[in-house]
Amino acid sequence: MGKFNYNELTPLVKKVKKGDSNAFADLYSKTYQKVYFFALSLSRNEQMAQDIVQDTFLTALKSIQSLNDDKLFMAWLNKITYNTAMKSLGAVKPDSIDDESNFTEIADPKEDNDPLTASMRNDEKRQIVECIDTLPYKQRAIILLKYYEGLKDREIAEAMDIPVGTVKSRLNSAKASLKDALEKRRLNG
Amino acid sequence: MSKKEIPISEALNSAAKSVSMNKDAAFSALVGALGAAGLSTNVAFTASATAAAGSVSTGTTASTGIAIGTTAVAATAAICVIGTWSPSIQSVTYDTQLTSQDVPVNVHLQSDFGISRIYAQSSSGIRYYGDSLGNGDYTISISDNGDYELIAEANNGKTVSQSFSISSIDKEGPELTNYELSGNVLTLVYSDAKTGVDVTTAYGQTGDGTMIYPLSIDETTGTVTYTYPDTEFSVYVKDTLGNEAVHIVTKK
(Lines give C-alpha, C1' and ligand atoms only; values in the text may rest on other atoms or scores of the structure.)
Protein backbone atom coordinates (compact mmCIF):
# COMPACT_ATOMS: atom_id res chain seq x y z
CA MET A 1 0.00 0.00 0.00
CA GLY A 2 1.30 3.42 -0.80
CA LYS A 3 2.29 6.01 1.70
CA PHE A 4 0.64 9.30 2.23
CA ASN A 5 2.71 12.31 3.04
CA TYR A 6 1.74 14.88 5.60
CA ASN A 7 2.14 17.39 2.82
CA GLU A 8 -1.05 15.91 1.39
CA LEU A 9 -2.86 17.48 4.31
CA THR A 10 -1.83 21.00 3.35
CA PRO A 11 -4.27 21.48 0.45
CA LEU A 12 -6.99 19.94 2.60
CA VAL A 13 -6.31 22.47 5.33
CA LYS A 14 -6.54 25.27 2.81
CA LYS A 15 -9.88 23.95 1.62
CA VAL A 16 -11.18 23.53 5.16
CA LYS A 17 -10.37 27.17 5.81
CA LYS A 18 -12.60 28.03 2.89
CA GLY A 19 -15.41 25.94 4.33
CA ASP A 20 -14.97 22.81 2.26
CA SER A 21 -16.73 20.09 4.23
CA ASN A 22 -15.30 17.37 2.03
CA ALA A 23 -11.82 18.47 2.95
CA PHE A 24 -12.68 18.46 6.63
CA ALA A 25 -13.98 14.94 6.32
CA ASP A 26 -10.73 13.90 4.68
CA LEU A 27 -8.67 15.58 7.37
CA TYR A 28 -10.64 13.88 10.11
CA SER A 29 -10.47 10.45 8.54
CA LYS A 30 -6.74 10.75 7.89
CA THR A 31 -5.82 11.94 11.35
CA TYR A 32 -8.27 10.87 14.02
CA GLN A 33 -6.72 7.47 14.63
CA LYS A 34 -3.31 9.06 15.11
CA VAL A 35 -4.82 11.60 17.46
CA TYR A 36 -6.49 8.77 19.34
CA PHE A 37 -3.28 6.81 19.68
CA PHE A 38 -1.40 9.86 20.90
CA ALA A 39 -4.20 10.66 23.34
CA LEU A 40 -4.37 7.07 24.55
CA SER A 41 -0.62 6.96 24.99
CA LEU A 42 -0.71 10.05 27.14
CA SER A 43 -3.82 9.25 29.14
CA ARG A 44 -3.71 5.44 29.09
CA ASN A 45 -7.43 5.52 29.52
CA GLU A 46 -9.68 4.72 26.60
CA GLN A 47 -12.60 6.88 27.66
CA MET A 48 -10.37 9.81 28.39
CA ALA A 49 -8.59 9.35 25.07
CA GLN A 50 -11.92 9.43 23.25
CA ASP A 51 -12.85 12.63 25.03
CA ILE A 52 -9.49 14.09 24.12
CA VAL A 53 -10.06 13.23 20.46
CA GLN A 54 -13.43 14.94 20.55
CA ASP A 55 -12.10 18.04 22.27
CA THR A 56 -9.08 18.15 19.98
CA PHE A 57 -11.17 18.15 16.83
CA LEU A 58 -13.61 20.62 18.32
CA THR A 59 -10.74 22.99 19.05
CA ALA A 60 -9.28 22.42 15.60
CA LEU A 61 -12.66 23.01 13.99
CA LYS A 62 -13.15 26.27 15.82
CA SER A 63 -9.67 27.65 15.37
CA ILE A 64 -8.52 26.39 12.00
CA GLN A 65 -8.36 29.98 10.77
CA SER A 66 -5.68 30.71 13.34
CA LEU A 67 -3.30 28.17 11.82
CA ASN A 68 -0.89 30.41 9.97
CA ASP A 69 1.26 27.80 8.25
CA ASP A 70 -0.95 25.13 6.74
CA LYS A 71 2.05 22.86 6.31
CA LEU A 72 2.30 22.56 10.07
CA PHE A 73 -1.23 21.23 10.47
CA MET A 74 -0.13 17.92 11.98
CA ALA A 75 2.21 19.60 14.43
CA TRP A 76 -0.58 22.03 15.27
CA LEU A 77 -3.02 19.16 15.77
CA ASN A 78 -0.49 17.36 17.94
CA LYS A 79 -0.09 20.50 19.99
CA ILE A 80 -3.83 20.71 20.50
CA THR A 81 -3.92 17.04 21.41
CA TYR A 82 -1.05 17.40 23.83
CA ASN A 83 -2.53 20.45 25.53
CA THR A 84 -5.98 18.93 25.60
CA ALA A 85 -4.59 15.79 27.16
CA MET A 86 -2.67 17.72 29.75
CA LYS A 87 -5.77 19.71 30.57
CA SER A 88 -7.84 16.56 30.81
CA LEU A 89 -5.29 15.02 33.11
CA GLY A 90 -5.70 17.93 35.46
CA ALA A 91 -2.57 19.86 34.61
CA VAL A 92 -3.24 23.57 34.43
CA LYS A 93 0.08 24.16 32.75
CA PRO A 94 1.67 21.33 30.81
CA ASP A 95 5.19 22.31 31.75
CA SER A 96 4.32 21.93 35.40
CA ILE A 97 4.23 18.18 34.93
CA ASP A 98 7.54 16.70 35.90
CA ASP A 99 6.72 13.30 37.17
CA GLU A 100 4.00 10.76 37.55
CA SER A 101 3.03 11.76 41.06
CA ASN A 102 -0.01 13.71 40.00
CA PHE A 103 -1.39 10.85 37.97
CA THR A 104 -0.89 7.82 40.15
CA GLU A 105 -4.34 6.44 39.46
CA ILE A 106 -3.97 6.19 35.72
CA ALA A 107 -0.24 6.15 35.36
CA ASP A 108 0.34 2.71 36.72
CA PRO A 109 -0.95 0.36 34.07
CA LYS A 110 -0.89 -3.35 34.65
CA GLU A 111 0.22 -5.41 31.74
CA ASP A 112 -3.16 -7.05 31.33
CA ASN A 113 -5.19 -3.89 31.17
CA ASP A 114 -2.78 -1.52 29.52
CA PRO A 115 -4.83 -0.33 26.53
CA LEU A 116 -1.68 0.13 24.49
CA THR A 117 -0.29 -3.36 24.86
CA ALA A 118 -3.30 -5.48 25.70
CA SER A 119 -3.41 -7.14 22.32
CA MET A 120 0.33 -7.16 21.61
CA ARG A 121 2.33 -10.31 21.78
CA ASN A 122 4.70 -10.48 24.71
CA ASP A 123 7.79 -9.77 22.74
CA GLU A 124 10.44 -7.11 22.59
CA LYS A 125 8.14 -4.54 21.03
CA ARG A 126 5.62 -4.98 23.78
CA GLN A 127 8.34 -4.57 26.38
CA ILE A 128 9.49 -1.39 24.74
CA VAL A 129 6.00 0.07 24.72
CA GLU A 130 5.45 -0.96 28.32
CA CYS A 131 8.71 0.71 29.27
CA ILE A 132 7.72 3.84 27.37
CA ASP A 133 4.58 3.80 29.46
CA THR A 134 6.66 4.02 32.61
CA LEU A 135 8.39 7.21 31.49
CA PRO A 136 7.35 10.59 32.89
CA TYR A 137 4.77 12.41 30.82
CA LYS A 138 7.13 14.85 29.19
CA GLN A 139 9.51 12.11 28.13
CA ARG A 140 6.70 9.88 26.93
CA ALA A 141 5.16 12.66 24.91
CA ILE A 142 8.44 13.50 23.25
CA ILE A 143 9.11 9.86 22.43
CA LEU A 144 5.69 9.58 20.83
CA LEU A 145 6.07 12.76 18.83
CA LYS A 146 9.52 11.79 17.63
CA TYR A 147 9.17 8.09 16.95
CA TYR A 148 5.49 7.64 16.28
CA GLU A 149 4.40 10.93 14.76
CA GLY A 150 7.77 11.34 13.08
CA LEU A 151 7.96 15.03 13.82
CA LYS A 152 11.12 17.04 13.40
CA ASP A 153 12.62 18.66 16.46
CA ARG A 154 11.27 22.08 15.56
CA GLU A 155 7.80 20.59 15.10
CA ILE A 156 8.03 18.90 18.49
CA ALA A 157 9.14 22.20 19.98
CA GLU A 158 6.09 23.83 18.46
CA ALA A 159 3.76 21.10 19.68
CA MET A 160 5.07 21.17 23.24
CA ASP A 161 5.80 24.88 23.45
CA ILE A 162 9.43 24.34 24.38
CA PRO A 163 12.72 25.41 22.78
CA VAL A 164 14.35 23.10 20.25
CA GLY A 165 17.30 22.70 22.60
CA THR A 166 14.99 21.40 25.28
CA VAL A 167 13.55 18.95 22.78
CA LYS A 168 16.99 17.53 22.11
CA SER A 169 17.96 17.26 25.77
CA ARG A 170 14.61 15.85 26.79
CA LEU A 171 14.78 13.32 24.00
CA ASN A 172 18.21 12.18 25.12
CA SER A 173 16.95 11.84 28.67
CA ALA A 174 13.93 9.90 27.49
CA LYS A 175 16.03 7.49 25.48
CA ALA A 176 18.40 6.99 28.40
CA SER A 177 15.46 6.36 30.74
CA LEU A 178 14.00 3.92 28.27
CA LYS A 179 17.28 2.04 28.01
CA ASP A 180 17.51 1.83 31.78
CA ALA A 181 13.94 0.60 32.05
CA LEU A 182 14.53 -2.07 29.42
CA GLU A 183 17.78 -3.11 31.06
CA LYS A 184 16.08 -3.51 34.44
CA ARG A 185 13.26 -5.46 32.87
CA ARG A 186 15.66 -7.83 31.17
CA LEU A 187 17.67 -8.30 34.33
CA ASN A 188 14.49 -9.09 36.24
CA GLY A 189 12.97 -11.22 33.67
CA MET B 1 22.96 -2.91 27.36
CA SER B 2 24.20 -3.25 23.84
CA LYS B 3 24.71 -0.27 21.57
CA LYS B 4 22.01 -1.54 19.28
CA GLU B 5 19.41 1.16 18.66
CA ILE B 6 16.12 0.47 20.36
CA PRO B 7 13.46 -0.05 17.69
CA ILE B 8 11.16 2.52 19.23
CA SER B 9 9.32 3.43 16.04
CA GLU B 10 8.65 -0.20 15.22
CA ALA B 11 7.39 -0.88 18.72
CA LEU B 12 5.08 2.12 18.75
CA ASN B 13 3.74 1.42 15.31
CA SER B 14 3.15 -2.17 16.28
CA ALA B 15 1.22 -0.94 19.32
CA ALA B 16 -0.68 1.53 17.17
CA LYS B 17 -1.79 -1.21 14.85
CA SER B 18 -3.22 -3.09 17.78
CA VAL B 19 -5.06 -0.01 19.02
CA SER B 20 -8.00 1.51 17.30
CA MET B 21 -10.63 3.98 18.20
CA ASN B 22 -13.73 1.96 17.56
CA LYS B 23 -16.56 2.94 15.30
CA ASP B 24 -18.94 4.12 18.00
CA ALA B 25 -16.27 6.10 19.78
CA ALA B 26 -15.13 7.74 16.55
CA PHE B 27 -18.70 8.57 15.70
CA SER B 28 -19.31 9.89 19.18
CA ALA B 29 -16.19 12.03 19.13
CA LEU B 30 -17.00 13.53 15.76
CA VAL B 31 -20.63 14.16 16.59
CA GLY B 32 -19.66 15.47 20.01
CA ALA B 33 -17.23 17.92 18.50
CA LEU B 34 -19.68 19.03 15.85
CA GLY B 35 -22.47 19.31 18.39
CA ALA B 36 -20.34 21.39 20.71
CA ALA B 37 -19.55 23.62 17.75
CA GLY B 38 -23.25 24.20 17.30
CA LEU B 39 -23.57 21.83 14.39
CA SER B 40 -26.20 19.16 13.89
CA THR B 41 -25.70 15.74 15.42
CA ASN B 42 -28.55 14.05 13.59
CA VAL B 43 -26.32 11.84 11.50
CA ALA B 44 -25.49 8.37 10.38
CA PHE B 45 -21.85 7.46 10.52
CA THR B 46 -19.75 4.54 9.39
CA ALA B 47 -16.21 4.78 10.57
CA SER B 48 -12.96 3.02 9.94
CA ALA B 49 -12.29 0.18 12.34
CA THR B 50 -8.58 0.33 11.94
CA ALA B 51 -5.75 2.11 13.62
CA ALA B 52 -4.33 4.42 11.02
CA ALA B 53 -0.88 4.39 12.50
CA GLY B 54 2.07 3.84 10.27
CA SER B 55 5.80 3.66 10.30
CA VAL B 56 6.88 7.22 10.32
CA SER B 57 10.04 8.72 9.06
CA THR B 58 11.02 12.20 7.91
CA GLY B 59 7.54 13.51 7.86
CA THR B 60 5.84 10.70 6.01
CA THR B 61 3.70 7.95 7.35
CA ALA B 62 2.93 4.58 5.96
CA SER B 63 -0.73 3.94 6.12
CA THR B 64 -2.25 0.51 6.27
CA GLY B 65 -4.33 -0.66 3.38
CA ILE B 66 -7.41 -0.74 5.54
CA ALA B 67 -6.89 2.82 6.69
CA ILE B 68 -6.66 4.19 3.17
CA GLY B 69 -9.46 1.95 1.99
CA THR B 70 -11.85 3.24 4.58
CA THR B 71 -11.02 6.87 4.14
CA ALA B 72 -13.74 7.39 1.60
CA VAL B 73 -16.31 5.83 3.88
CA ALA B 74 -15.35 8.03 6.77
CA ALA B 75 -15.28 11.06 4.53
CA THR B 76 -18.71 10.33 3.14
CA ALA B 77 -20.13 9.95 6.59
CA ALA B 78 -18.58 13.18 7.73
CA ILE B 79 -20.02 14.99 4.75
CA CYS B 80 -23.43 13.71 5.78
CA VAL B 81 -22.84 15.14 9.19
CA ILE B 82 -21.77 18.49 7.92
CA GLY B 83 -24.56 18.57 5.39
CA THR B 84 -27.14 18.95 8.12
CA TRP B 85 -25.74 21.70 10.28
CA SER B 86 -26.71 25.32 10.28
CA PRO B 87 -24.66 28.41 11.10
CA SER B 88 -25.03 29.87 14.55
CA ILE B 89 -25.07 33.63 15.19
CA GLN B 90 -23.46 34.42 18.53
CA SER B 91 -23.69 38.19 18.55
CA VAL B 92 -24.60 41.23 16.47
CA THR B 93 -23.16 44.49 17.75
CA TYR B 94 -22.90 48.04 16.46
CA ASP B 95 -22.41 51.56 17.72
CA THR B 96 -25.65 53.49 18.38
CA GLN B 97 -24.07 56.94 18.54
CA LEU B 98 -25.19 59.28 15.81
CA THR B 99 -22.86 59.33 12.87
CA SER B 100 -22.74 60.72 9.37
CA GLN B 101 -20.85 57.61 8.23
CA ASP B 102 -21.90 54.08 7.38
CA VAL B 103 -22.33 51.93 10.48
CA PRO B 104 -20.13 48.84 10.77
CA VAL B 105 -22.17 45.96 12.15
CA ASN B 106 -20.02 43.34 13.84
CA VAL B 107 -21.25 39.78 13.63
CA HIS B 108 -19.77 36.81 15.43
CA LEU B 109 -20.68 33.32 14.34
CA GLN B 110 -19.90 30.31 16.48
CA SER B 111 -17.76 29.09 13.63
CA ASP B 112 -17.16 30.33 10.11
CA PHE B 113 -16.52 26.81 8.96
CA GLY B 114 -18.68 26.11 5.93
CA ILE B 115 -20.12 29.62 5.73
CA SER B 116 -20.72 30.70 2.15
CA ARG B 117 -21.87 34.26 2.76
CA ILE B 118 -23.38 36.58 5.29
CA TYR B 119 -25.45 39.66 4.58
CA ALA B 120 -27.97 42.09 6.02
CA GLN B 121 -31.13 42.68 4.05
CA SER B 122 -33.23 45.78 4.50
CA SER B 123 -37.02 45.73 4.56
CA SER B 124 -36.91 47.08 1.02
CA GLY B 125 -34.74 44.18 -0.12
CA ILE B 126 -31.36 45.91 -0.33
CA ARG B 127 -28.52 43.59 0.66
CA TYR B 128 -25.30 44.55 2.38
CA TYR B 129 -22.71 41.75 2.24
CA GLY B 130 -20.31 41.06 5.06
CA ASP B 131 -16.54 40.69 5.01
CA SER B 132 -14.88 37.89 6.95
CA LEU B 133 -12.33 38.86 9.59
CA GLY B 134 -11.59 35.24 10.50
CA ASN B 135 -12.46 33.20 13.56
CA GLY B 136 -16.18 33.62 12.98
CA ASP B 137 -16.05 37.42 12.92
CA TYR B 138 -17.63 39.43 10.14
CA THR B 139 -18.33 43.07 9.52
CA ILE B 140 -21.13 44.52 7.44
CA SER B 141 -21.20 48.18 6.49
CA ILE B 142 -24.74 49.58 6.66
CA SER B 143 -25.42 52.91 4.96
CA ASP B 144 -29.06 53.60 5.80
CA ASN B 145 -31.27 53.54 8.84
CA GLY B 146 -33.93 50.86 8.94
CA ASP B 147 -34.88 47.39 9.98
CA TYR B 148 -32.62 44.60 8.80
CA GLU B 149 -32.51 40.86 8.72
CA LEU B 150 -29.03 39.44 9.22
CA ILE B 151 -28.66 36.22 7.28
CA ALA B 152 -25.77 33.73 7.43
CA GLU B 153 -25.74 31.09 4.74
CA ALA B 154 -23.75 27.88 4.79
CA ASN B 155 -22.37 26.01 1.83
CA ASN B 156 -25.01 23.36 2.41
CA GLY B 157 -27.76 25.94 1.91
CA LYS B 158 -28.72 26.16 5.58
CA THR B 159 -29.37 29.66 6.83
CA VAL B 160 -29.86 31.38 10.14
CA SER B 161 -31.14 34.91 10.64
CA GLN B 162 -31.45 37.60 13.26
CA SER B 163 -33.20 40.97 13.16
CA PHE B 164 -31.63 44.28 14.05
CA SER B 165 -32.35 47.95 13.49
CA ILE B 166 -30.12 50.88 12.68
CA SER B 167 -31.25 54.40 13.57
CA SER B 168 -27.98 56.20 14.21
CA ILE B 169 -27.16 57.26 10.68
CA ASP B 170 -27.62 60.95 9.87
CA LYS B 171 -26.42 61.95 6.44
CA GLU B 172 -28.85 64.86 5.99
CA GLY B 173 -27.81 68.47 6.31
CA PRO B 174 -29.82 71.08 8.26
CA GLU B 175 -33.28 71.98 7.10
CA LEU B 176 -34.18 75.58 6.18
CA THR B 177 -37.27 76.15 8.28
CA ASN B 178 -37.84 79.90 7.74
CA TYR B 179 -36.48 82.83 5.75
CA GLU B 180 -37.18 86.53 5.37
CA LEU B 181 -35.83 89.36 3.27
CA SER B 182 -36.12 92.73 5.00
CA GLY B 183 -34.55 95.47 2.99
CA ASN B 184 -31.33 93.94 1.82
CA VAL B 185 -30.94 91.74 4.91
CA LEU B 186 -31.71 88.10 4.35
CA THR B 187 -32.53 86.09 7.47
CA LEU B 188 -32.35 82.31 7.30
CA VAL B 189 -33.40 79.97 10.13
CA TYR B 190 -32.12 76.39 10.15
CA SER B 191 -32.90 73.37 12.23
CA ASP B 192 -31.61 69.82 12.45
CA ALA B 193 -33.74 67.44 14.42
CA LYS B 194 -31.02 64.90 15.13
CA THR B 195 -27.85 66.76 15.89
CA GLY B 196 -28.27 70.53 15.76
CA VAL B 197 -27.00 73.18 13.35
CA ASP B 198 -23.44 74.43 13.32
CA VAL B 199 -24.12 77.97 12.09
CA THR B 200 -20.42 78.81 12.36
CA THR B 201 -19.99 76.89 9.10
CA ALA B 202 -22.49 79.07 7.19
CA TYR B 203 -21.43 80.99 4.12
CA GLY B 204 -22.79 82.05 0.76
CA GLN B 205 -21.41 82.10 -2.75
CA THR B 206 -22.60 83.75 -5.93
CA GLY B 207 -22.47 82.10 -9.30
CA ASP B 208 -19.21 83.86 -10.17
CA GLY B 209 -17.57 82.51 -7.04
CA THR B 210 -17.81 85.59 -4.87
CA MET B 211 -17.96 84.61 -1.23
CA ILE B 212 -20.77 86.05 0.87
CA TYR B 213 -20.12 85.91 4.60
CA PRO B 214 -22.85 86.11 7.23
CA LEU B 215 -23.73 89.41 8.82
CA SER B 216 -24.56 87.54 12.00
CA ILE B 217 -25.13 84.09 13.37
CA ASP B 218 -27.16 82.91 16.32
CA GLU B 219 -26.15 79.46 17.47
CA THR B 220 -29.07 79.22 19.86
CA THR B 221 -31.76 79.72 17.27
CA GLY B 222 -29.86 78.49 14.23
CA THR B 223 -30.27 81.88 12.55
CA VAL B 224 -27.93 83.28 9.91
CA THR B 225 -28.24 86.71 8.25
CA TYR B 226 -26.64 87.86 5.02
CA THR B 227 -26.55 91.07 3.06
CA TYR B 228 -28.44 90.13 -0.05
CA PRO B 229 -26.08 90.59 -3.02
CA ASP B 230 -28.85 91.47 -5.49
CA THR B 231 -28.16 88.31 -7.42
CA GLU B 232 -28.96 84.66 -7.01
CA PHE B 233 -26.56 82.94 -4.63
CA SER B 234 -26.17 79.74 -2.72
CA VAL B 235 -26.05 79.43 1.04
CA TYR B 236 -24.25 76.63 2.81
CA VAL B 237 -24.43 75.35 6.36
CA LYS B 238 -23.52 72.12 8.15
CA ASP B 239 -24.96 70.22 11.06
CA THR B 240 -22.76 69.21 13.97
CA LEU B 241 -21.91 65.91 12.23
CA GLY B 242 -20.64 67.73 9.17
CA ASN B 243 -23.56 67.08 6.85
CA GLU B 244 -23.87 70.11 4.60
CA ALA B 245 -27.08 71.65 3.28
CA VAL B 246 -27.16 73.91 0.23
CA HIS B 247 -30.00 76.26 -0.66
CA ILE B 248 -30.26 78.61 -3.62
CA VAL B 249 -31.66 82.04 -2.82
CA THR B 250 -33.40 83.91 -5.64
CA LYS B 251 -35.22 87.19 -5.38
CA LYS B 252 -38.58 87.04 -7.18
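Predicted model: local features only at pLDDT ≥ 70, side-chain atom pairs only at ≥ 80, totals over all residues.
Two strands pair if DSSP finds at least two bridges between them. Helices (H or I, at least four residues) and strands (E, at least two) are themselves DSSP runs, numbered from the N terminus.

Residues are numbered from 1 along each chain as its sequence is written, chains are lettered from A and ligands numbered from 1 in the order in which they are written, and side-chain values use heavy atoms, with hydrogens and water left out.

- Eight bridges join β9(B) and β10(B) in the antiparallel sense.
- Opposite B:Glu149 stands B:Ser163 in β10(B).

**Aromatic rings**

- A pair of aromatic rings is described by the distance of the centres and the angle of the planes.
- Rings of Phe, Tyr and Trp (its six-membered ring) pair if their centres lie within 6.5 Å; planes under 30 degrees apart count as stacked, over 60 as edge-to-face and the rest as tilted.
- Over all chains, the structure holds nine aromatic pairs.
- One of them is the tilted pair of B:Tyr94 and B:Phe164, at 5.7 Å centre to centre and 45° between the planes.
- B:Tyr94 lies in the loop between β3 (89-93) and β4 (103-109) of chain B, and B:Phe164 lies in strand β10 (residues 159-166) of chain B, so this pair ties together parts 70 residues apart in sequence.
- B:Phe164 is buried, at 7% relative accessibility. Buried means under 20% relative accessible area, exposed over 50%, partly exposed in between (1.4 Å probe, protein chains only).
- B:Tyr148 and B:Phe164 have ring centres 5.5 Å apart and planes at 15°, so they are stacked.
- B:Tyr148 sits in strand β9 (residues 146-154) of chain B and B:Phe164 in strand β10 of chain B, so the pair ties together parts 16 residues apart in sequence.
- B:Tyr94 is partly exposed, at 27% relative accessibility.
- Ring pairs link B:Tyr94, B:Tyr128, B:Tyr148 and B:Phe164 into a cluster.

**Strand β12 of chain B**

- In a regular strand the side chains alternate between the two faces of the sheet.
- Strand β11 (residues 175-182) of chain B runs antiparallel to β12(B), joined by seven bridges.
- B:Tyr179 has B:Leu188 in β12(B) as its bridge partner.
- Two residues lie between β11(B) and β12(B), which form a hairpin; in the turn, B:Gly183 has a positive phi of about 70°.
- β12(B) also pairs with strand β16 (residues 223-227) of chain B, in the antiparallel sense, over five bridges.
- There, B:Leu186 stands opposite B:Tyr226 in β16(B).

**Helix α7 of chain A**

- Helix α7 (residues 153-160) of chain A has six of its eight residues buried, so it is largely enclosed by the rest of the structure.
- Those buried residues are A:Asp153, A:Glu155, A:Ile156, A:Ala157, A:Ala159 and A:Met160.
- Their cover includes α4 (73-88), α6 (137-148) and α8 (164-188) of chain A.
- Just after α7(A), A:Asp161 takes a positive phi of about 60°.

- A:Arg44 is not a glycine, yet has a positive phi of about 55°. A:Arg44 lies in the loop between α2 (21-43) and α3 (46-63) of chain A, and is buried, with a relative accessible area of 6%.
- B:Asp230 has a positive phi near 60°. B:Asp230 is in the loop between β16 and β17 (233-239) of chain B, and is exposed, with a relative accessible area of 63%.

Definitions and conventions:
Contact = heavy atoms within 4.5 Å.
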